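Reader: I am new to this model. Can you show me how to read its features, step by step?
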Amino acid sequence: MSRKEWLEVGKQSLIFLLAMAAMNLLQVGLAGLLEGTPLPMEKIIILMGLWLLVFAMFLGLSPFAMDSKQRGLEYLLTLPISRRRLLSIKLLPRLAAVVLFYLAFVLLYSLSGQSPFAGGSAFFSLAYFALFFISFSLSLYHENFVVQFFMAAIAWCGYLALCLFVVQLGFSWKFAMPPSWVGVGVWHDLSYDISTLLSAIGVFLLLLAPFVASIFLVFKKFDLKPARAFNRRQLRLFVPLLLAALALSLGATYFVQKSTAQDISHSIVSKGRSTENVGSHHLRQGTGTMGYAFPDLRKLKFKILN
Amino acid sequence: MSQPIIEVRDLSFGYSQKKVLSGLSVSFAAGEWAVIAGRNGVGKSTLLRVLAGVLLPDSGTVIRSAETPPQKIGFISDRLSLFEEWAVGRAIDFHCRVFAAGGFDDRLLRRLGVGGRARIRDLSAGERAILHLSLVLSQKPSLLLVDEVLHMLDPYIRELFVEALIEAMAPSPRESGTTQGAAVITVNHTFGEIERLPDRVLVMEDGTFAIDETPEALRGRMKKVVGRQSLPDSLPCRFKRTEGDYKEHYIYPFREEMREGHALEFQDIALSEIIKAFIGGGYEQKRMA
């Protein structure tokens with residue numbers, strides 16, 4: 001049974017590699033023709049990152065798609081394998097492919113001169129793995145792959161929004177500032193703020209757990225009738241798990257961020273429309289602007305502007 | 001009856017809001033052929049799927065004997081579910097590996113001229129049924145579950161299929177050291193040439209078994225009265241069919257004393273017709289409820 005899954009995932013990965021190579025060549029070629037200059041490596045990496053996200057989603061949604069397409073789903077359920085083991089057999093090769101492609105991407109990214117653990121890379125990594133697991137948890141949502149695709153995309157966006165909310169809350173707790181002052185740009189320099197990075201990873205994992213747990217717990221009762229009943233059961237398990245995970249992640253973030261809190265009076269504050277950029281990002285756009293620089297560990301520099 | 005190889009106690013199962021099986025209890029012994037009949041949607045296939053482990057019950061228990069672990073349960077559904085893109089040879093390798101089958105007997109496939117390279121999607125329904133049966137027989141099953149497959153087979157393949165089922169029911173040495181044949185449970189709507197074969201007939205109604213008897217007992221307890229006359233209310237009429245003046249009454253449960261009490265001709269009827277009368281009576285009761 002495992003061998004069948006590994007072969008299937010191997011075939012899908014090969015097709016994806018060929019498709020990605022072809023698409024990238026096409027995009028690079030087209031860009032070169034239109035702009036007259038070769039596409040910079042950075043843009044190629046970004047395009048590959050997008051493809052990787054699509055592939056993660058596809059792998060996550062595909063565990064039962066081939067079996068269903070080949071009308072072998074019922075036969076699969078008659079095999080002398082426990083439901084939990086069956087789901088694990090489906091998950092393992094796909095997770096391995098996701099990790100392998102991620103490592104290859106990280107290698108390419110670092111070869112292009114970028115740091116794979118800085119900037120938005122940390123966010124991309126977390127979002128990439130989350131997309132796979134969320135898609136996997138929704139792989140039995142509907143018989144139609146397109147519907148599953150949209151559902152997974154919506155769930156993923158909701159999940160990222162929730163994670164962002166908690167991380168930004170943690171950031172505001174850390175620096176004792178209103179949450180509305182914290183902008184999306186807080187992701188950019190996660191790698192320079194270890195406590196925020198660690199709490200962000202914790203938040204991502206905690207909020208991902210309900211997706212994974214719900215599919216594993218509910219799969220025991222999976223049957224071939226329309227998915228409505230299965231989805232209802234999964235939702236009934238998922239919602240309380242998500243609420244518990246949210247409470248836990250808020251608690252953990254609060255604890256971590258508060259224990260590494262820094263006084264905002266040491267931050268850069270600009271009360272005018274123009275702000276002095278000391279190498280970081282704006283926290284808020286609004287009635288005034290407030291800029292804050294992360295304590296740069298390489299050159300500790302704090303300044304207050306009036 | 002010998003020790004049951006599979007037993008179900010207070011089984012309940014429902015799809016969404018609809019309860020299909022309700023407090024059902026039944027057991028099946030080694031070497032017996034039980035036929036389950038009933039109207040469409042009553043839960044026959046659901047029961048088979050619960051026995052096969054494809055569905056898990058909402059409540060109740062399924063107790064398997066030591067001779068009936070999951071590897072020894074063979075299930076052939078009306079969907080004839082297999083991986084369609086696979087070749088026959090690959091399906092055989094896979095099945096034997098997963099079920100730890102000692103060997104595969106391709107006699108039946110050879111009789112139909114089905115080779116290892118043929119794609120499953122290119123096989124006819126009959127060929128797929130025989131392939132599926134061959135796969136399941138390779139497990140040396142203690143329990144064979146066949147869901148509404150017989151009616152879709154042509155007469156030649158049906159005969160092959162039935163002969164293979166009978167062969168599986170013959171006592172043979174088991175790994176546990178006992179000698180016993182497989183229990184066969186089929187869901188049938190028609191009987192035809194297998195009329196005389198089942199040891200037991202079960203008719204399902206309202207989520208449980210309304211009838212559980214041997215065919216001989218059932219034939220003795222249901223009779224038909226035809227003609228233009230109406231029957232007295234004292235006769236228990238399970239189902240009545242009227243076409244103009246002509247009436248068919250199905251009397252159940254029939255007792256021999258009824259022959260003396262009424263000047264009526266009580267006809268013996270075939271198993272197919274008995275089942276039809278039960279199902280028809282069920283629909284009538286549903287209509288009147």
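Author: Start with the salt bridges. The model is predicted. By the rule used here, the count comes to 29 salt bridges over all chains.

Reader: Which residue forms a salt bridge with E5(A)?

Author: R94(A) does, with the closest N and O atoms 3.0 Å apart. This pair links distant parts of the chain: E5(A) lies in helix α1 of chain A and R94(A) in helix α5 (residues 83-111) of chain A, 89 residues apart.

Reader: Why does E5(A) count as buried?

Author: Compare the relative accessible area with the cut-off: buried means under 20%. E5(A) has a relative accessible area of 0%, so E5(A) is buried. R94(A) counts as buried because its relative accessibility is 0%.

Reader: Which residues are linked with E5(A) and R94(A) in a network of salt bridges?

Author: K4(A), E8(A), D67(A) and K90(A) are linked with them in that network.

Reader: Now chain B. Which residue meets R238(B) in a salt bridge?

Author: E205(B) does, at 2.3 Å from N to O. Here too, distant parts of the chain are linked: R238(B) is in strand β13 (residues 237-243) of chain B, E205(B) is in strand β10 (residues 200-205) of chain B, and they are 33 residues apart.

Reader: Are R238(B) and E205(B) buried or exposed?

Author: R238(B) is buried, and E205(B) is buried as well.

Reader: What is the wider picture of chain B?

Author: Begin with secondary structure: chain B has 8 helices and 14 strands. Then take burial: of its 289 residues, 54% count as buried. For contacts in chain B with a separation of 6 or more, residues 24 or more positions apart account for 70%. The accessible surface of chain B is about 13000 Å², and 48% of that belongs to carbon and sulfur atoms.

Reader: How do I read the interface between the chains?

Author: The size of an interface is often given as the accessible area lost when the parts come together. Between chain A and chain B the buried area is about 2400 Å², with carbon and sulfur atoms giving 57% of it. Q70(A), E74(A) and Y75(A) supply 30% of the area that chain A buries against chain B, more than any other three residues.

Reader: How many residues does the contact take from each chain?

Author: The contact takes 25 residues from chain A and 30 residues from chain B.

Reader: How many salt bridges does the rule find across the interface of chain A and chain B?

Author: The rule finds 3 there. One of them joins R49(B) and E74(A), whose side chains meet at 2.5 Å, N to O. R71(A) also forms a salt bridge with E84(B), with the closest N and O atoms 2.9 Å apart. This pair crosses between chains, from R71(A) in the loop between α3 (65-69) and α4 of chain A to E84(B) in the loop between β5 (73-76) and α2 (88-98) of chain B.

Reader: How exposed are those two?

Author: R71(A) has 45% relative accessibility, so R71(A) counts as partly exposed. E84(B) has 12%, so E84(B) counts as buried.

Reader: What about polar contacts across the interface?

Author: The rule finds 9 residue pairs in polar contact there, both residues at pLDDT 80 or more. On the side of chain A that touches chain B, the elements giving two or more residues are α1 (2-35), α4 (73-78) and α9 (228-259) of chain A. The largest share, 6 residues, comes from α4(A). The residues of this side divide into 11 nonpolar, 3 polar and 11 charged.

Note on methods: Residues are numbered from 1 along each chain as its sequence is written. Chains are lettered from A and ligands numbered from 1 in the order in which they are written. Side-chain values use heavy atoms; hydrogens and water are left out. Contact means heavy atoms within 4.5 Å. Buried area is the accessible area (1.4 Å probe) that two parts lose on being put together, summed over both. A salt bridge is a side-chain nitrogen of Lys or Arg within 4 Å of a carboxyl oxygen of Asp or Glu. A polar contact is a pair of N or O atoms within 3.5 Å; within protein, one must be able to donate a hydrogen and the other to accept it, and residues adjacent in sequence count only if both atoms are side-chain atoms. Helices (H or I, at least four residues) and strands (E, at least two) are DSSP runs, numbered from the N terminus. Ala, Val, Leu, Ile, Met, Phe, Trp, Tyr, Cys and Pro count as nonpolar, Asp, Glu, Lys and Arg as charged, and the others, Gly among them, as polar. Buried means under 20% relative accessible area, exposed over 50%, partly exposed in between (1.4 Å probe, protein chains only). Accessible areas come from the Shrake-Rupley method with a 1.4 Å probe; for residues, only the protein chains shown count as cover.
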